Structures are given as structure tokens and as C-alpha cells.
Number of protein chains: 2
Amino acid sequence: MPNPTAAMCVIGDEILSGRTRDANMHYLAGQLTERGIDLKEVRVVSDDRDAIVAAVKALADGFDHVFTSGGIGPTHDDITADCVAAAFDAHIDVRDDARAILAAHYEKAGTELNEARLRMARIPDGATLIDNPVSAAPGFTIGNVHVMAGVPSIFQAMVASVLPTLTGGAPLLSVTQRIERGEGDIAGPLATLVDAYQDLSFGSYPFQKDGKFGSNIVIRGTEMAVLEEAQAKLVALFP
Amino acid sequence: MPNPTAAMCVIGDEILSGRTRDANMHYLAGQLTERGIDLKEVRVVSDDRDAIVAAVKALADGFDHVFTSGGIGPTHDDITADCVAAAFDAHIDVRDDARAILAAHYEKAGTELNEARLRMARIPDGATLIDNPVSAAPGFTIGNVHVMAGVPSIFQAMVASVLPTLTGGAPLLSVTQRIERGEGDIAGPLATLVDAYQDLSFGSYPFQKDGKFGSNIVIRGTEMAVLEEAQAKLVALFP
């Protein structure tokens, strides 16, 4: 049985303007690979309602799971929850269970649960909450879409809350072989190996360092013994 | 006149598996912002023909410029050039101008221009070549799509070759104000400022450091004097 598939939607003008370098994509990619869920596509979209709704709809239709990152705080530019609700034609308003979580958190902190903070209790009907052990304001899952915060520490905590609830496949394993030859020398012999191991995937990731060209050949599959056999043959091709 | 828009398509299983952290998106985002071209969307797709063709078509239809990164080397998994040609219904084969560049480069290096390396001379009919001062093998522009290498040093050199040929808009400027209060305290007063400056865009990027919450408010626009005026008012809101 093939592994479940996933996509990610990163929401944030700060990534697209080059101000911030996204960290959540790389983190989620590693976590999903370990769990045997194949991340197939990532879209980074701006803080724009139409763009977010269109991306969430397309990804929710195309993949088993969708993870969103960003845009669920209390400020005017935090529109993700409303956009995801719109993508599912779901009603959204401040929900009692989320309000109770925020109320308890801010009472303990001696902070007012003002109108802006209450925005973080806006949860679509039918969604289940995602625990946020860092700053209380929850994420949520509706349909196959998991809506999470953009702040990396909170995003990671929410991923830890969600992933154990999902059915994974066989974890994708990989071995990497560094070959210090130009890709043009590697390509021909490598192609024969690719043909011989149809169940494995081979990637060639060239590098250039100190004026020397080389490539890391990454072999991916679900059985380590087969990977190591293929790697040994690869090494033998380039003595 | 609004600024030209752009999108990026990153091709590579190595990003989606979490093996490699993409660097080209962040680089391109900064370069485009400086040039007054608004990066509106990024898609990361796997080394899969259908996925690449669909993404390139959608982005080429939706934005003024599309930049692709990755998949133009000599190995079996380098299928970007053929996919972009398919997206434009263009014929593709080894082209004499690209072959001449490769032949000169490899002759100088004393390296054989073998069948694998010749794959890098596959250029769609009607495309113009993008200079690659690092390793010779050219990128190309077809329609509004600029096809570039994934190796960061080569990607950056190709961006430097392409950007001067594009018409930019007014460079987007920004000021950042760090406010050491929770976003929930910032949101209300900030909203009044957002309403007062319709020509500016305000982003709130929360952080958590040493247990303290705060937010960087980024104000973006094209006139520094207006940005500084809005920033002064922002500071006055949070004495």
C-alpha cells in the first residue's frame, strides 16, 4: 500500500518578501518522512484571502493531509482560520471550548482576554482543537486540514500534538553516497542502477565546493538491506 | 501602476523529504523585493512530470514572471527542461547554441562532452539562454518562465543574469519596530493605524524569547518618509 500523501501551505508575506527565512517547511518535511507520510507539495502564499482559500481547497482535494502554518494570531493580518472555514463552507465564530482555554490561560497570567485575543478562539464548526502547550491559543483540524501557528516553537509543538493521531506508512529510509565526480560522469552508470532497482528512488544532488564538482546520490526506499545493496553497487561503479 | 508580480517553482524531492533546506526561495525573495517585483507565491513540487507541468502552467498563467529552481542537470531525475517545454507545447531537443557553449567549456576542461552532459543542451524552441558563469550549462527563458539551476551558487549567478532584463517597479521598502508586548495587546491599537494608512501594509510577526512574548511590526511601502511617520505613530501607541 502506498504511503499517505501530504501537502503544506505556508501563509505569510514575511517569507515572500525575503524578510524571514521559513523554518517550518524543513521541520515538517523531516517529521513526515520519519512517519512514512510523503510530503508531495508545499505552497507559500501571501496574507490574501483569495490566495489562501484557493490554495487550501486545491491541496485538500489533492492530498491525504494538509498542514498550514501561520496567520492564526490576534492581529488584523491573521486571517487563516476564516479562510480555511471558507474553503470548507463552514460557519466560524468564537467557540466556547477555545474561549475557555484562552480564559484559563490569561487569567493565570493576569492578562485581559480582550477582543483581539478572543479572535484566537474563532474556530470553524466541526473542527477539533489542536493542543498548544506553548501559548494556549489552539490550532484546529477540519476535514483533512491541520491549521497551525507560524511561530516555529508553537508550530513544532502542534505538529507533535497532531502527528500521533495520523496513520503513517513505512518510514522512508535513505542512504547517501558522496561521489567526487561531475554529474556528467555519474549520470550514465547511475542510470543502469536506476533501471535495476525499480522499487527505489535515486536522487542526484550536485554540489560545488572549493572549485570541485561532485554529487550526493541519495537512494530512498523502505528496506535498509536493499538500500545498502544498491549503495555497494553504486560505490563499485565509481572506483 | 502596481508592481509586476512573480511566482517561484522549486523542483526537488530533496526539499520535500527534509534532506535539504531550500536556500533559493529566500535568496530570490530578497532580490525581487529590492527590484520592485512582488513575489506572490512559491510552490515546491517533487521530481514528477505531471506535478511540474501543472505547477508551471498554473503559475505562468497567474503571474507576470515565474522562476524555477532545480532539475536541469545531466542525471535521470533532471526533467525540468522537458516539463517546461511541455507546459508551453514547445518542441525540445539538443540545441546548437547550447551545445556550442558546453563543447567549448568541456574542451577547455579536458572533459568529454558525453551523452549525459549533452542532455544539458536540451532547450525548447523559441527559448533564450540564461548565462551560467559558474559551470557553463545554460538556463533558459521561455515565455514568462525563467528556468534556473538548483545549486545555490549557480542559481544566484543566473538570477544576476536575468534580473537586469526585467522591468521592475518601485522597490518595496520596510521599517521594523520591535514591541515587547503580547500580540493580543498590540492588535487593537495597531488596527487603528492600519486603517489610517491604507497605502501601507502592516505585518505582525510574533516571537517568543526567554519566556517573553513580543512582536516585530513590519510596515511596508514605497516612500520612506511615510513609513517613518507611521513608525513614529506606532511607537507613540506603545509608550
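**Domains and overall form**

I took the centres of domain 1 and domain 2 of chain A over C-alpha atoms and found them 37 Å apart. The division places domain 1 at 5-165 and domain 2 at 173-237; these bounds come from an automatic or database domain assignment. I note that this is a predicted model, in which local features need pLDDT of at least 70 and side-chain atom pairs count only at pLDDT 80 or more, while totals for chains, interfaces and linings use all residues. Residues are numbered from 1 along each chain as its sequence is written, and chains are lettered from A and ligands numbered from 1 in the order in which they are written.

Along the principal axes, I fitted the C-alpha atoms of chain A into a box of roughly 70 × 40 × 35 Å. I listed nine helices and eleven strands in chain A, as DSSP runs numbered from the N terminus (helices H or I, at least four residues; strands E, at least two).

**Contact between the chains**

I looked up the contact next, and it takes 52 residues from chain A and 52 residues from chain B; two residues are in contact if their C-beta atoms, placed from the backbone, lie within 7 Å. On the side of chain B that touches chain A, helix 8 of chain B gives the most, with eight residues.

I then examined strand 2 (residues 38-45) of chain A, which runs antiparallel to strand 2 of chain B and is joined to it by five bridges; strands pair if DSSP finds at least two bridges between them. Opposite A:Glu41 I found B:Val45, in strand 2 of chain B.

**Symmetry**

I laid chain B on chain A with an RMSD of 0.0 Å, by a turn of 180° and a shift of 0.0 Å along the axis, superposing by least squares on the C-alpha atoms of residues with pLDDT of at least 70 in both copies. The two copies are therefore related as by a two-fold rotation axis. In chain B, the C-alpha nearest this axis belongs to B:Arg43, 2.2 Å from it.

**Burial and core**

I recorded 43% of the 239 residues of chain A as buried, that is, with 20 or more other C-beta atoms, placed from the backbone, within 10 Å of their own. The largest nonpolar core holds 100 residues, and B:Cys9 is among those that touch the most other members; such a core is a set of buried Ala, Val, Leu, Ile, Met, Phe, Trp, Tyr and Cys residues joined through C-beta atoms within 7 Å. Leaving aside neighbours within four places in sequence, I found B:Cys9 in contact with residues including B:Arg43, B:Val45 and B:Val56.

Note on methods:
A residue is buried if 20 or more other C-beta atoms lie within 10 Å of its own, exposed if 12 or fewer, and partly exposed in between; C-beta atoms are placed from the backbone.
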